[in-house]
Amino acid sequence: MASHQDKASYQAGETKARTEEKTGQAMGATKDTAAHAKEATKQKASDTGSYLGQKTEEAKHKAGETTEATKQKTGETTESTKQKAGETTEAAKQKAAEAAEAAKHKTAEALEATKQKAGEAGQYAKDSAGAGKDKTGSVIQQATDQVKSAAVGAKDAVMSTLGMSGDDNKQGDAATGNGKKDDSSTITRDQ
């Protein structure tokens, strides 16, 4: 019986050794699996961090491109606005110069017409001088009125051309006799 007990003891020892060996192998395998899982997790975390870093860089790059495009568009719009404003100003200057030139031309025409009427009135007065003193005074008065009328007409034409129409009642109309009369325009007759 002793041998049977030794044999059982031996078998129990072998079973225990095998169990310990398998447990050790299982623990080693578990440790290896845990280490492998830990390494895989680290790798995935690293990959995720790289991915997020890459996406962040891409987002920054796109934001930079958008900002640059916005700056460029703003610059182009500003330049276009400046150019249009310059063109508008130049066109306004040109129109003002043309209007001033037209006003000068009309003024010159009005002055020439006034000179011509005054010359005609003077010639008429000379031609009529032989008709007598009374008639001469009347002719001179008529010529003076014509010159005044022509001057008022020229003044009105110039004022109208320049867009500066004033109150016509202040000076009066020499042709109709309305308004103020200048005392210096009366002619004394010799008797």
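What share of the contacts in the protein with a separation of 6 or more comes from residues 24 or more positions apart?

1. That share is 59%. The model is predicted, and the protein in it has 2 helices and 0 strands.

2. Of the 191 residues, 8% count as buried. The protein exposes about 15600 Å², with 54% of this area supplied by carbon and sulfur atoms.

3. T114 sits in helix α1, which covers residues 2–128. T114 counts as buried because its relative accessibility is 16%, and the cut-off for buried is under 20%. The T114 side chain reaches the backbone oxygen of A110 at 2.8 Å. Leaving aside residues up to four places away in sequence, T114 touches A150, A151 and A154.

4. The salt bridge count is 4. One of them joins E58 to K55, with the closest N and O atoms 3.6 Å apart. Both residues belong to helix α1 and are 3 residues apart, about one turn of the helix. E58 is partly exposed at 35% relative accessibility, and K55 is partly exposed at 39%.

5. E57 pairs with K60 in a salt bridge, the closest N and O atoms being 3.9 Å apart. E57 and K60 are 3 residues apart in helix α1, so about one helical turn separates them. E57 is partly exposed, with a relative accessible area of 48%, whereas K60, at 54%, is exposed; the cut-off for exposed is over 50%.

6. A salt bridge also links D156 and K155, where the closest N and O atoms are 3.7 Å apart. D156 counts as partly exposed at 28% relative accessibility, and K155 counts as partly exposed at 35%.

Key: Residues numbered from 1 in each chain as written. Predicted model: local features only at pLDDT ≥ 70, side-chain atom pairs only at ≥ 80, totals over all residues. Heavy atoms only, no water. Helix = DSSP H or I, 4+ residues; strand = E, 2+ residues; numbered from the N terminus. Buried < 20%, exposed > 50% of the residue type's maximum accessible area, 1.4 Å probe, protein only. Contact = heavy atoms within 4.5 Å. Areas by Shrake-Rupley, 256 points an atom, 1.4 Å probe, with all protein chains shown as cover. Polar contact = N/O pair within 3.5 Å; in protein donor to acceptor, adjacent residues only side chain to side chain. Salt bridge = Lys/Arg side-chain N within 4 Å of Asp/Glu carboxyl O.
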